[in-house]
Every structure is written in structure tokens, then in C-alpha cells.
Amino acid sequence: MKEQLANIRATALAAFDAANDSAALDALRVQYLGKKGELTAVLKQMGKLTAEERPAMGQLANEVRSALEEALERRGSELKTKALEDRLAAEALDVTIPGTPYREGHRHPMYIALDEIKEIFIGMGFTVLDGPEVELAELNFDRLNAEEGHPSRDWSDTFYFDEDSRVMLRSQTSPMQVRAMDTMELPIRIIAPGRVYRKDEVDATHSPMFHQVEGMVIDKGVTMADLKGTLNTVVEKLYGKGTKTRFRPHHFPFTEPSCEMDVQCHKCGGVGCPTCKGEGWIELLGAGMIHPRVLEMAGIDTNVYSGWAFGIGLERTAMRRFKIADLRLIFENDVRFLEQF
Amino acid sequence: MNLSRKWLREFVTAEANDKDFAEAMTLSGSKVELTHDLGEEISNVVVGRLLSMERHPDSDHMWVCQVDVAQDEPIQIVTGAWNIHPGDLMPVALHKSTLPGGVKITKGKLRGVVSNGMFCGLSELGLDTRDFPYAEIVPAAILGDYKPLDKDKPSISADIQPGDKVYGPVVCAKVTAVTATGYSTYEVALDTGDGSAAVSTTCPNLHAGDLVAYNTKTNAICTLSDLHAEQKEFPHCIPDGIFILHEDCQPGDDIKPVIGLDDHVVEFEITPNRPDCLSVIGLAREVAATYDAPLSLHQPVVSAEGEGSLVELLDVETPAADLCPRYTARMVRNVKIGPSPKWMRERLRAMGVRPINNIVDITNYVMLEYGQPMHAFDYRYVKGGKIIVRRAEEGEKLTTLDGKEHTLSANHLVIADEHRAVGLAGIMGGENSEIVSDTADVVFESACFDGTCIRKGALALGMRTEASAKFEKGLDPMNTLPAVDRACELVELLGAGQVLPGVIDILNYVPQPRVLKLEPNRINGLLGTDIAADEMVRILKKLDFTVEGDQVTVPSWRGDVIGMADLAEEVARFHGYNNIPTTLMRGQTTLGGYSEEEKLERQLDSMCRAMGHDEIITYSFISPTAYDKIRWPQDYFARKSFKILNPLGEDTSIMRTTTLPSMLEILTRNYNYRNQNVKLYEVGRIYLPGGEDGLANESKVLTLGAYGSDMDFYAMKGVIEAILKDLRAADVRFEPCTDNPSYHPGRCAAVWAGSDCIGVFGQVHPLVAQNYGVDAEFYCAELSLDELALAKGPDPEYVPLPKFPAVTRDIAVVCEEKVTVGQLEESIRKGAKGLLKDVSLFDIYRGKGVAEGKKSVAFNLVLRADDRSLTAEEADQDVKSILETLEKELGAVLR
């Protein structure tokens with residue numbers, strides 16, 4: 001019997017190790033440990049033993065059983081691990097195959113630039129206004145101190161809808177200054193982006209329709225130093241901290257003093273290059289202190305209130321922001337262009 | 001406005017290189033666009049003296065020359081030019097030199113003979129004979145150069161010999177010697193066959209051995225025009241050649257100072273409020289203020305030694321006084337028309353004005369120097385000795401100096417004599433009174449005209465001139481007298497004539513000097529600065545403002561300075577804009593943000609992009625034919641559009657009342673570019689007549705457009721449904737729309753939310769697509785932003801999640817083909833007894849097992865109660881009720 005048990009132990013352990021999958025292992029469990037299994041068969045012979053032999057043999061038999069059970073357990077777990085590994089290996093993918101296409105639409109680059117500008121001004125307490133494009137010449141010109149006879153009023157420069165030159169396509173977003181002065185409570189801080197129209201033939205830098213953003217502040221004791229400080233902050237947010245600017249005298253009928261603001265050329269750092277036409281500076285926007293006559297026409301007391309205003313061309317800002325070389329691309333709307341933004 | 005830095009030096013010294021000068025002037029308010037170095041392109045070109053010339057051994061028209069250029073040895077140059085003679089001084093482009101137009105000269109061989117450079121003509125130096133009138137060349141006809149127009153019928157025989165007759169008194173002669181007797185004057189010895197002759201000529205192209213046509217009667221050598229010959233008959237006898245210098249210079253001298261190309265010209269952008277800066281003196285004043293340098297202006301002095309009485313000779317009337325604030329004139333007699341001196345020509349040329357003759361050049365010179373346009377008339381054509389400044393008669397005709405005839409109206413101001421107009425006031429003189437070579441008596445006009453009248457007149461005639469561009473900005477009436485005196489002073493300086501004593505000066509409107517109060521506190525308050533009052537006074541005085549106490553008198557040429565803010569700008573300009581501090585805004589805080597309308601736009605924007613649509617920007621104006629292309633009936637009310645009276649072109653002439661053509665145009669463009677699966681959107685405006693104040697009702701429209709393999713009616717509908725869901729619009733329905741002419745009648749739907757129609761979408765009508773030249777299926781949607789805003793639902797409120805399970809049932813019903821899914825769904829909802837939570841279509845089947853003309857439609861029903869688990873019986877009861885309703889209402893029966 002002792003030999004039988006040793007024999008079972010040896011053959012069973014060898015068989016377990018040789019089993020290749022859990023089904024085979026289950027069959028071996030039945031073969032050796034089942035009710036009709038080989039070990040059970042041997043144990044059934046215990047009755048034939050003497051009382052002295054039984055405890056030792058019983059102990060031996062239990063040792064064999066637990067050895068077999070332990071081996072089964074171990075082998076079972078080995079086979080499970082192997083099966084999982086095999087499955088994962090079989091399921092491996094070529095991760096370089098492109099993902100399932102998912103196409104999101106794209107914001108037009110000009111509106112990306114506009115959104116950036118809007119966010120900056122909203123953060124400084126400005127309200128975004130919208131207004132008509134078919135506008136009264138009175139608001140576009142007269143109320144902005146560009147009287148009868150101002151060259152920009154010519155039919156060669158501005159689009160008109162009537163022979164009296166009364167109704168026109170606004171040539172600037174500046175009439176929004178007047179609309180804001182006429183309708184809003186003081187103090188006023190607004191920006192007004194929108195379409196404007198001038199009689200320019202289409203080329204790489206001109207279009208009869210383009211976009212501007214108007215900005216205006218009216219409050220007590222507003223100074224040109226405030227104008228400079230605010231616009232410098234805006235430029236730093238747009239073009240990065242430390243961006244250098246300069247202010248040059250200029251002329252607009254509705255501001256006095258008037259200025260243009262340049263930013264130092266990002267390409268050459270101010271040395272002069274083709275991008276800045278050798279000047280080292282790139283013109284960014286026009287601005288100035290609101291002309292006292294413009295405030296007076298809106299019934300605002302210039303002894304108490306002053307203000308500043310600016311206007312910036314959006315197309316040029318977007319073109320500079322994204323290095324777009326030709327204005328026509330903006331209005332061509334070729335998806336191969338739009339998809340790049 | 002161009003400014004010669006050499007000319008500027010006459011008034012003010014500003015020692016700075018071009019870049020620093022440009023920056024300083026730009027920052028003080030005179031923006032510099034560019035600076036031109038006039039001689040930039042010319043290098044290594046020197047004065048040379050021709051020592052000797054021999055004919056080229058291998059060419060019949062080239063010369064081998066020895067030239068003194070002040071090097072150790074003379075250099076050898078081969079040239080094809082015939083107008084040179086030993087002793088001549090000429091520009092020599094040496095080996096490794098450069099000329100205008102990027103031309104590079106290096107040494108080389110011409111037909112085997114070494115040439116160490118090139119002689120230059122005027123054009124090679126970027127000049128022409130108007131710059132150097134003395135260098136004009138009139139060549140003699142060299143008979144050896146003759147090429148008959150018709151080979152078989154030569155006018156001059158190829159073997160013509162001295163003495164042979166050419167025609168009439170003209171015979172062939174051979175040049176035996178040429179001696180220069182002065183600048184471009186020669187004594188030529190001729191062999192006339194049977195004798196000899198000595199002829200004096202200005203033709204510079206003659207050399208010993210040449211055969212020429214000699215007119216025995218006039219004792220002259222014939223030019224091409226004398227022979228009535230065409231240029232191509234004498235291909236080498238061209239009126240062009242080497243520029244023989246008649247200047248004070250030596251061999252080896254750099255050519256640039258010799259010909260005045262050592263100047264630098266600064267191009268300014270002058271803003272329209274500063275017409276005073278459209279002059280050398282005006283800019284000099286700005287330069288002096290910028291550099292804090294003294295300005296040395298000069299008072300014209302006129303001797304006026306001419307004989308005669310101006311008052312007797314000339315009378316001026318200004319019936320149109322309102323358009324002519326001031327008219328000033330002087331007269332010059334015994335004028336000698338000729339070229340003006342080199343210094344004057346150089347200055348004019350540097351400023352971009354071509355020299356013409358001394359009198360015309362003087363008027364241009366004074367216009368540039370003083371900014372006051374001048375005009376010179378030939379007195380003999382001022383009939384009756386009377387100048388009348390009047391409005392033109394309706395239909396009056398005048399031919400201007402440029403040779404163009406104009407028909408005038410009463411809006412034009414003319415300068416006239418007693419009978420007719422002799423000039424367009426402030427724009428251009430008349431051809432009938434032009435200064436010509438035999439002009440003897442000249443009237444100089446220096447006037448001030450109304451800016452608006454001149455601008456409108458010039459615009460109407462399409463002839464904006466240098467003069468009109470100045471007048472239209474409104475000139476200083478106080479400038480006319482110094483300007484006319486300066487012109488007369490120059491006449492005397494140039495010896496161009498005798499100035500009559502006296503001036504005619506009609507002052508219709510004398511502006512009073514403007515006096516402003518200097519308020520340093522207000523100026524500092526506006527600028528945010530702390531500039532001392534003394535400093536303000538100093539700056540204003542530099543600009544020729546007079547300051548006494550707090551009274552500031554504005555100079556007459558500064559019409560733009562009318563108030564405190566203008567004085568503040570003057571102070572700020574010279575204090576330096578960049579020296580104004582930068583401060584952040586103080587005062588009452590304001591709350592920034594987007595309007596509700598803008599928030600809606602942003603929400604729509606991000607939805608459209610999330611669904612794969614790219615944003616586009618289209619023009620607001622369209623062609624009137626666009627309405628035809630989208631098949632709108634001729635009498636359709638929405639065709640009534642705002643029409644631009646002065647459009648750039650027909651294509652951009654009306655303000656759109658629909659965005660559909662704009663979208664179709666962009667879809668078509670992308671389609672033609674072969675871009676696949678295109679999806680676009682735009683939030684754009686339409687412009688409907690009938691707004692307040694005669695303006696437009698500008699409403700916004702969300703326009704979607706798409707084509708491609710992943711696009712069909714239901715794909716477009718899905719986008720719209722998603723947008724409406726995102727807006728939480730309630731009671732959304734889609735109704736067939738068969739009568740929109742732009743869309744496929746069977747594939748178009750109106751979108752409703754409650755009782756409001758939000759818009760329309762569908763497949764673009766095939767005939768519309770055809771009108772755009774496209775055979776693909778385009779899908780578009782047009783949704784009103786106003787309606788979308790109304791349809792927008794309230795903010796969401798949390799609804800508890802279901803606690804009890806749902807029961808699902810699938811049903812398939814057979815119905816008539818004409819019954820729509822929408823009707824079936826509506827009927828299902830109606831039939832349910834409160835347990836139905838969701839209905840979804842999952843199949844439509846036609847074919848075997850379903851009768852012809854019918855279809856089987858399958859739905860998945862979800863039933864649930866909020867307070868208990870449903871039993872199968874409860875669910876079945878609801879389904880039963882649904883099926884009964886379907887059958888009763890739509891004849892749809894369970895399949």
C-alpha cells in the first residue's frame with residue numbers, strides 16, 4: 001500500500017505538470033481524487049490494515065492527498081495565468097493604425113482673434129456692443145466731427161444708398177461710439193466689433209468689407225496716460241508679456257490728441273526686416289482722446305467727463321496672429337484653409 | 001510729401017542719419033514712410049575724359065577709346081556710341097560698378113577687344129533730357145548707316161560717293177575732320193567730291209570718314225528730319241548716346257554729386273489736417289521743433305525793375321468771392337524761356353517733379369517750398385488784360401494743359417478772361433494760355449480757393465492734381481503774397497525776365513488770428529502728465545505760436561488748432577507721446593460681459609463646430625442675379641433689397657435679404673476645389689428694408705451648408721435636432737415644405753418650435769445647384785437667430801432618476817405609404833395611457849410580405865411607471881390601446 005501511495009503521488013504529480021489546459025487538469029482531478037479516483041480506491045483498502053499500521057498509513061494517505069490538492073491548485077493557477085496571457089497576446093492591436101476619424105468643425109481664424117480681444121476687454125469690465133451696418137451718415141461722419149467735405153465722405157470712398165448721401169454702409173465701427181453715448185449711462189466702457197465697408201478693390205491687403213473693433217471709455221478724469229496703460233495691457237495679453245509698444249501722433253477727426261500705436265516687430269525685435277518694412281515697428285491701431293466736440297454733440301459735459309477711444313482692424317490682427325499672407329484667404333473660405341485653425 | 005534733405009538744410013540743420021531722422025520725425029507727428037538715397041543704386045561710376053578713339057577693327061559702328069579716369073594709366077573702353085569726341089567729359093561705369101535697375105558692369109571683351117567699363121547715357125543713370133536739357137542729342141544722318149525700307153528701292157544708293165546728288169541741293173559729302181568749338185558745337189570739314197566745305201553743326205555723331213548728306217544751299221549737314229527719314233532707315237543714328245557732361249568736374253570725380261544724385265529724399269505721410277506740412281518750409285518748421293534747432297526763414301526780396309504799370313496791364317475781378325478768399329498776382333515782362341539752373345532742376349527732381357522750363361519750374365519750386373500752388377499764364381492770351389475768377393457756365397468747355405477737353409458745370413471755378421476760361425482754378429491751367437517757348441509776358445497767380453469746391457470739381461472731372469490735392473485741404477490765405485514774391489524773386493535770380501512793380505491782391509476773406517487760452521492744468525489733466533507751463537510755452541513758441549500771458553495766438557497756417565485739446569496735442573507731440581506715463585483706469589468699476597444675443601451666438605457656434613461644421617465669413621452684399629440663381633420668383637417680396645448706388649461692381653451691389661446665395665457660393669467654390677465632405681456654417685446678417693430712420697432691419701441667420709458622402713437630408717436634420725435639443729427648445733416639429741423654390745420640393749422641411757417657424761432646411765433644388773454649375777446634392781439650412789432665441793428653453797431642472805425598471809415592447813405596423821412616421825409617432829403617444837416614456841423608430845420595411853403601396857414601420861416602445869414595477873399585463877394594456885389608436889386613426893395594423 002505504501003508503494004501504491006508513493007506511486008500515485010509520483011504519477012499524479014507528473015500528470016498535473018503535463019496538463020496543458022484547465023479541462024485536462026479537471027479530468028486528472030477526477031482521475032486521482034474523485035469518488036472513483038485512484039487515491040480513493042487505495043484508501044478503501046485501509047480496512048485491510050492492522051490497527052497499528054492504520055494511523056501511519058492514514059497519515060501518509062492524507063499527506064499524498066494534500067500534496068495532490070496543492071499541486072492541482074498551483075497548476076490550475078499557472079494554467080489560468082497562461083490562458084490570460086495567450087488571450088491578451090492574441091488580442092494585441094497595431095496601435096499605429098489611425099483612430100476612427102472624428103471631425104470637429106473649426107472656428108474662423110478671424111473670429112479666434114476677435115474672441116481673444118473680447119475676452120481681454122470683458123475682463124477689464126467692458127461690455128460688448130453690436131450695431132447696424134447700414135448706418136446714417138450723420139452718425140458715421142457728422143457726429144464724429146467729419147463734416148461735410150471730409151474726403152472719406154466721397155462717393156469714391158464710401159458706399160451710399162441714396163442720392164442725398166444720408167444712408168450708407170458704415171465705413172468704421174466708430175458710429176458705435178455715438179450710439180453708446182446716446183443710449184448708455186455714464187461711465188461707459190464698451191467694445192463694438194463688426195463689419196465695415198469701404199470702396200477698395202479686392203487685393204492681398206484690401207477688401208470692400210472688413211472688420212474692426214471699436215473701443216471707448218468715458219468717465220470722470222480719464223487721461224491719455226490711461227489710454228496708454230490700458231492698451232499696453234491689452235497688447236501684453238495679445239502678444240505676450242514684455243511686448244514693446246510705442247505711440248505716435250496721428251490724426252482722426254473724432255479724437256484729439258490722436259495717436260497710432262505700434263508694436264515692436266516680433267520677427268526682428270526692432271532692428272528692421274521685410275515684415276516691418278525696415279521700420280522695426282508694426283502699426284497696430286489708432287486711438288486718441290475723444291474730441292471735445294464729439295462729447296459735446298452727445299450732450300456730455302467736457303468739464304466733467306473725458307474719454308478715450310480706439311479702433312483696431314481685425315483682419316490685419318488675425319493675419320499677423322496666424323501669419324496669413326493674403327487677405328483674400330479670409331473671405332475665400334476654402335476648407336483646406338479653415339481646417340488649419 | 002517728399003522732402004530733399006539737401007533742400008531742407010537751407011532752412012534748418014538736423015544732423016542725423018536717415019534712420020534716426022525718420023524715427024525722430026515720426027515720433028513728433030510727421031510720419032516717415034521711406035527714405036530714398038537717390039544715388040543708392042549707383043556705385044563706382046566716375047567722371048572720365050576721352051583721350052582718343054579709334055574704329056573697332058571688327059565692327060563698323062564701334063569705337064575703341066582711351067579714357068582718363070584719374071588712374072595711373074588711361075583705361076580702354078569699347079563703345080557703340082557715336083556722339084563722343086576726344087576731350088569730352090562723360091560718366092564712366094568702371095569695372096565692378098552698379099547702375100539703376102540692378103545693372104552690374106564688369107570688364108569684358110567686345111568683338112575680341114578688351115573693354116574695362118562702360119560710358120553712360122542719361123537713361124543708364126536713371127535720368128532723361130528733362131533733367132539735363134543741354135544733353136539732348138540731334139544726330140546727323142550718316143549715309144553709311146542707311147538701311148532702305150524696301151531693299152529693292154533704296155532712296156540712297158549703297159555705293160554713293162562724295163559729290164553724288166541725294167536730292168535737290170543735298171549732296172553726299174565725306175567728313176574729313178571734326179573740331180569741337182564748344183559744348184556740343186563742332187566745326188566739320190567736308191569733302192564734297194568736287195571741292196570742300198566747312199560747316200558748323202551741333203550734331204555730335206560725326207567723325208572723319210563718315211559720309212553725310214550736305215545741303216549746299218543752307219551749308220548744313222542734314223539730320224534725319226531734314227531728310228524726312230524714318231529712324232529705322234538709320235538704325236544707329238539715334239537721338240540717344242553718351243551723356244556728355246557740361247558740369248564743373250574733373251576726371252576721377254564721383255559722378256553722384258556731379259549730377260545731383262547725392263541727395264536723400266524723405267517720404268512723409270502727411271495727415272489731412274496739416275496741409276502746411278505739404279511744403280519744405282512747413283516740414284522745416286517741424287524739424288526745427290523736433291531737434292530744437294533754429295529755423296532760418298528767408299523773406300523774399302523783389303527788385304521789380306520792369307517797366308510798365310501792373311494796374312494798367314492787368315485787372316482782376318472775383319465775382320465768385322465765396323469760393324476765392326484771396327487772389328494775388330504779379331507780372332513779369334520780357335521773359336526768356338529756357339531751362340532752369342542745375343540746382344533748381346536737382347531740387348525739383350529730388351522731390352519727384354520733372355523740370356520743364358524756367359517759368360514752370362519756378363511755379364513748381366515755390367509750390368514745393370511754400371506749399372502754395374502757383375500758376376503762370378501767358379499774358380498775351382489773357383484777352384482784355386482782365387482775369388475773372390468765376391463759376392463756370394453750364395456746359396462751358398475748356399481744354400487743360402494735359403490736352404484733355406472738359407465740359408464744365410456751375411460747380412467748377414474757372415479763371416477766365418473777358419471771353420473764355422483760361423484755367424480750371426486750383427486744378428490745372430488751360431492749354432490756351434500755356435507758357436510756351438516764345439512766351440514774353442507772364443502772369444503769376446498765387447490764390448486761395450475754397451477747398452471743398454476744388455475737391456468736388458477735381459473729383460467730378462477725375463483729375464486730382466498736385467495743386468488740387470493741396471487746395472482741397474484748405475490752405476492758408478496769408479501765404480499767397482510771400483509765395484508770389486518768392487516766385488518773382490526767383491525770376492530775377494534766374495534772369496528769366498523783368499518783374500513789374502506792384503502786386504494785385506484781392507482779399508475777400510481775411511481770417512482773424514485765432515486766440516486761445518492756455519490752461520496748463522486742463523492740458524495736464526487730459527494728458528495725465530505734469531508738464532510745467534513754461535515748457536508748454538516753449539513748445540508752442542517753437543511752432544511759431546505767439547504766447548502772451550495765457551493768450552495763445554495760433555499761426556495762420558494752423559487752421560487745425562481750434563481748442564484746448566489741440567494745444568494739448570502740440571504739447572504732447574514735442575513732450576513726446578512716449579514720455580506720457582502709463583496708468584490703469586480708475587473710477588467707478590463696470591461689469592463687463594456678453595449680451596444674451598451674443599451668448600446665444602456663442603452657443604450655436606460651438607454646437608455647429610461640435611458637429612463638424614467649419615465657420616465661414618461671407619460678404620454682406622451680393623449680385624442681384626443671386627435671387628434668380630436661387631429661383632426666387634420675379635415678384636417675390638423679399639427681392640426688395642438695399643441697393644448700393646455706387647457699388648464696386650454689380651456682383652457686390654445689393655445687401656442680401658437671404659444668406660442662401662452666400663452659402664451656395666462657398667459650397668460651390670469648395671466643390672470646384674474638389675474638397676470632399678464639406679460642412680460649413682455662418683452666423684451672418686440679412687438686411688431687410690423697413691428699419692428705423694430709413695435704415696435696415698438687420699437680422700441674423702444661422703446658415704448651414706454641406707455636401708459629401710456623409711451628408712443627406714437626415715444628417716442635416718440630425719444637426720438641427722441636436723442644436724434645438726441643446727437650446728432645450730420645446731414642441732419641435734418638422735413639416736414638409738414643398739413650395740420653397742430654392743429647395744427640393746420632396747426634401748425640404750420647415751422647422752417649428754411651438755407656433756413659431758424657426759427656419760427651413762433641406763436639399764438644395766437640383767435646378768439651383770445647376771445654376772451654380774454643380775451636379776452634386778447640396779444641403780442647406782437657414783435658421784433665424786431671433787426665432788432660435790425665442791425657442792430657447794429655460795435652464796434645466798433636475799428630474800429624479802427612475803427607481804423602477806422599464807418594460808420594452810417592439811411593435812411593427814403595416815400602413816399606407818402616405819402615412820408619415822411623424823403621424824404614426826403622434827398616434828402612438830396619443831394612444832398610450834400614461835406609461836409610455838419613449839418611442840423610437842427602428843425599421844421601415846417594404847417588400848415581400850407587405851402589400852404593394854404599403855410599408856411596415858417598426859418602433860421600440862419604452863413603458864415605465866414612476867412608483868412601481870410594471871406588470872406584463874399593465875404594459876400589454878397600454879400597447880393594446882396604442883395599437884387600437886393606430887388602427888383607428890391611421891389604418892395601421894399590427895404586422
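Guide: This is a predicted model. Start with two helices in chain A: the axes of helix H1 (residues 2-18) of chain A and helix H2 (residues 22-33) of chain A come within 10 Å and cross at roughly 170°.

Visitor: What makes H1(A) roughly antiparallel to H2(A)?

Guide: Angles over 145 degrees count as roughly antiparallel. The crossing here is roughly 170°, so H1(A) is roughly antiparallel to H2(A).

Visitor: Which residues of H1(A) and H2(A) meet?

Guide: From H1(A) come Ile8(A), Ala12(A), Ala15(A) and Phe16(A). From H2(A) come Leu25(A), Leu28(A) and Tyr32(A). The contact divides into seven nonpolar, no polar and no charged residues.

Visitor: What makes strand E1 and strand E6 of chain A edge strands?

Guide: Take the sheet order: E1-E4-E5-E9-E8-E7-E6 (chain A). It is an open sheet of seven strands with mixed pairing. Strand E1 (127-128) and strand E6 (245-252) of chain A each have a single partner strand, so one side of each has no neighbour in the sheet.

Visitor: How do you know that strand E7 and strand E8 of chain A pair?

Guide: Two strands pair if there are at least two bridges between them. Eight bridges join strand E7 (residues 255-264) of chain A to strand E8 (residues 281-290) of chain A. The two strands therefore pair, and they run antiparallel. Within that pairing, Met261(A) stands opposite Leu285(A) in E8(A).

Visitor: Which helix lies across E1, strand E4 and strand E5 of chain A?

Guide: Helix H5 (residues 109-123) of chain A does, running at about 5° to E5(A).

Visitor: What is the strand order of the open sheet of seven strands in chain B?

Guide: The order is E33-E36-E37-E41-E40-E39-E38 (chain B), with mixed pairing. Strand E33 (614-615) and strand E38 (732-736) of chain B are the edge strands, each pairing on one side only. Strand E37 (residues 697-707) of chain B and strand E41 (residues 779-784) of chain B pair in the antiparallel sense over six bridges. Thr703(B) has Glu782(B) in E41(B) as its bridge partner.

Visitor: Which strands does helix H14 of chain B touch?

Guide: Helix H14 (residues 596-610) of chain B packs on the sheet and touches E33, strand E36 (678-688) and E37 of chain B. Its direction makes about 155° with that of E36(B). Helix H16 (residues 660-672) of chain B also packs on the sheet, touching E36, E37, strand E40 (756-764) and E41 of chain B. The direction of H16(B) makes about 150° with that of E36(B).

Visitor: Why is Tyr671(B) called buried?

Guide: Tyr671(B) sits in helix H16 of chain B. The cut-off for buried is 20 or more other C-beta atoms within 10 Å. Tyr671(B) has 21, so it is buried. Leaving aside neighbours within four places in sequence, Tyr671(B) is in contact with Tyr707(B), Val774(B) and Ala776(B).

Visitor: Which residues of helix H6 of chain B are buried?

Guide: In helix H6 (residues 342-350) of chain B they are Arg345(B), Glu346(B), Arg347(B), Leu348(B), Arg349(B) and Ala350(B). They pack against strand E1 (2-4), helix H1 (5-8), strand E17 (264-269) and helix H7 (358-370) of chain B. Gly352(B), with a positive phi near 90°, follows H6(B).

Visitor: How does the radius of gyration of chain A stand against that of a compact globule?

Guide: A compact globule of 341 residues would have a radius of gyration near 20 Å, but chain A has 43 Å. The C-alpha atoms of chain A fill a box of roughly 135 × 45 × 45 Å. For chain B, a compact globule of 895 residues would be near 29 Å, but the chain has 43 Å. The C-alpha trace of chain B spans about 140 × 90 × 60 Å along its principal axes.

Conventions:
Residues numbered from 1 in each chain as written. Chains lettered and ligands numbered in written order. Predicted model: local features only at pLDDT ≥ 70, side-chain atom pairs only at ≥ 80, totals over all residues. Rg over C-alpha atoms; globule rule 2.2 N^0.38 Å. Helix = DSSP H or I, 4+ residues; strand = E, 2+ residues; numbered from the N terminus. Contact = placed C-beta atoms within 7 Å. Axes fitted to C-alpha atoms, helices over the stretch in contact; angles between N-to-C directions. Buried ≥ 20, exposed ≤ 12 C-beta atoms within 10 Å, placed from the backbone. Parallel < 35°, antiparallel > 145°, perpendicular 65-115°, else oblique. Nonpolar A, V, L, I, M, F, W, Y, C, P; charged D, E, K, R; others polar.
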